[in-house]
Amino acid sequence: MSLPTAPTVLQVIPDLNSGGAERTTVDIARALIAAGGTALVASQGGQMVRELEDIGAQHFTLPVKSKNPITLWKNAGLLSDLIRAQDVDIIHARSRAPAWSSLFAARRTHIPFVTTYHGSYSQSNAVKGLYNSIMARGDTVIANSKYIADLISDRHPFAKDRITVIHRGSDLKGLAPENVSALRRQALKDSWGVPTGRPIIMNMARLTSWKGQKVLIEAMGTLKASGVTAPIAILAGDAQGRDGYVAELKQLIADWNLQDQVRLVGHCADVPAAMALSDLAVVASIEPEAFGRAAVEAQAARVPVIVSDLGAVPETVLAPPDAAEKDRTGWRVLPGDSDALASTIKTALALSAEDRLALTGRGLTHASRNFTVETMCAKTLDVYAKLMNR
């Protein structure tokens, strides 16, 4: 993949800790460099900075996570200086607070401004609507699902003609179980303290209330009460400072006496190994997923998946009534319904080897056709090329 020109692109994101927007930032930086461009990222820092720099991108530490109006204005000046010093051609913002600073910097320096609408963003009043609207003010507005494209059009009609849908992409080759060594699997399993022979239910999500970890814990409690005690639910995610929420999860585990059925393991750096160990993946979100990377990664890794039925789920996981039973790639349950989740977990874990193979084969085909990192990167670089050539 190459570009007709070799642009310098500055991506701006609050931090580079775990998350879909952060992973996409690194993926696009890698693709940009491979195409002959220059990749710059401004953020407050985080655990993925080293990976970013290892691929040849430059990172600039700026306080772009702050929502303080004075800091936002100061960041606009800092970004303007960076754009001039580095001869930046395009600035690409991936979150609301830094997007406001990026817009001002783009206008001052007369370069294109791109946004990616990564979340559904709560919008309860006019002030919140104005704050959110920055993500629809890009010269190109990237929506990471059709669900989000429709939401942008509904909330910000002025942006309709500038929206392009680019689904988030996953590294299918890296997620393939045959590419994960036995050593990596065993190292992760040992670190989690999971005994051999116990089915693993994987919940890969940062620890925040809307991701629904409490629903999964309650479902595990329901399973235990019905005599199903073998499965172990792994809650793999970074708390990102939400100590109060972690304490609530631990208390709920204790209340249900699930110390042997639920593990809080923190951030997982080796997602392919985690998926290779998993018998089932669960996405238990209680608010709409803008895309739902965890569900796609599960399908790419040939793991059966259960998701909450809201947001972009009809795009990422095929299931009745939107798809025929023969085309099913996973299950959808009502968000927040722990009893329904428990029942569906039973169904999924009881699949015959033949039915499991057929289901996961359909999931892999679905992911391969629609959600590869290569497709995502190619479409994003095409956005950059069009802006450079206009």
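This is a predicted model: local features need pLDDT of at least 70, side-chain atom pairs count only at pLDDT 80 or more; totals for chains, interfaces and linings use all residues.
1. Pro98 is in contact (heavy atoms within 4.5 Å) with Val12, Ile13, Pro14 and Val64, leaving aside its neighbours within four places in sequence. Between Pro98 and Val64 the C-alpha to C-alpha distance is 5.2 Å, although 34 residues separate them in sequence. Pro98 lies in helix α4; helices here are DSSP runs of H or I with at least four residues, strands are runs of E with at least two, and both are numbered from the N terminus. Pro98 counts as buried because its relative accessibility is 1%, where buried means under 20% relative accessible area, exposed over 50% and partly exposed in between, with a 1.4 Å probe and protein chains only.

2. Residues are numbered from 1 along each chain as its sequence is written, and side-chain values use heavy atoms, with hydrogens and water left out.

3. Ser101 also has its place in helix α4. With a relative accessible area of 0%, Ser101 is buried. Not counting residues up to four places away in sequence, Ser101 touches Leu72, Asn75, Ala76 and Leu79.

4. How do α3 and α4 pack? Helix α3 (residues 69-86) and helix α4 (residues 96-109) meet at an angle of about 50°, and their axes are 8 Å apart. Axes are lines fitted to C-alpha atoms, for helices over the stretch in contact, and angles run from 0 to 180 degrees between N-to-C directions. The angle makes α3 oblique to α4; angles under 35 degrees count as roughly parallel, over 145 as roughly antiparallel, 65 to 115 as roughly perpendicular and the rest as oblique.

5. On the α3 side, the contact is made by Leu72, Trp73, Asn75, Ala76, Gly77, Leu79, Ser80, Ile83 and Arg84. On the α4 side, the residues are Ala97, Ser101, Ser102, Phe104, Ala105, Arg108 and Thr109. By class, this contact of α3 with α4 has eight nonpolar, six polar and two charged residues. Here Ala, Val, Leu, Ile, Met, Phe, Trp, Tyr, Cys and Pro count as nonpolar, Asp, Glu, Lys and Arg as charged, and the others, Gly among them, as polar.

6. The crossing of α12 and α15 is left-handed. Val296, Gln299 and Ala300 of α12 meet Thr360, Gly363, Leu364, His366 and Ala367 of α15. This contact of α12 with α15 has four nonpolar, four polar and no charged residues.

7. Which residues of helix α6 (residues 146-155) are buried? They are Ile148, Ala149, Leu151, Ile152 and Ser153. Their cover includes β5 (113-117), β6 (140-143) and β7 (163-165).

8. Arg184 is found in helix α8 (residues 182-192) and is partly exposed, at 31% relative accessible area. The side chain of Arg184 makes a polar contact with the side chain of Asp270 at 2.7 Å. A polar contact is a pair of N or O atoms within 3.5 Å; within protein, one must be able to donate a hydrogen and the other to accept it, and residues adjacent in sequence count only if both atoms are side-chain atoms. Apart from residues up to four places away in sequence, Arg184 touches Asn179, Asp270, Pro272 and Ala273.

9. Most residues other than glycine have a negative phi, and most peptide bonds are trans. Asp87, in the loop between α3 and β4 (90-93), has a positive phi near 55° and is exposed at 59% relative accessible area. Gln240, in the loop between β9 (232-236) and α10 (243-255), has a positive phi of about 50° and counts as partly exposed at 33% relative accessibility. The peptide bond from Pro320 to Pro321 is cis, with omega near 5°; Pro321 lies in the loop between α13 (313-316) and β13.

How values were computed: A crossing is left-handed if the near helix is turned anticlockwise from the far one by less than a right angle, and right-handed if clockwise.
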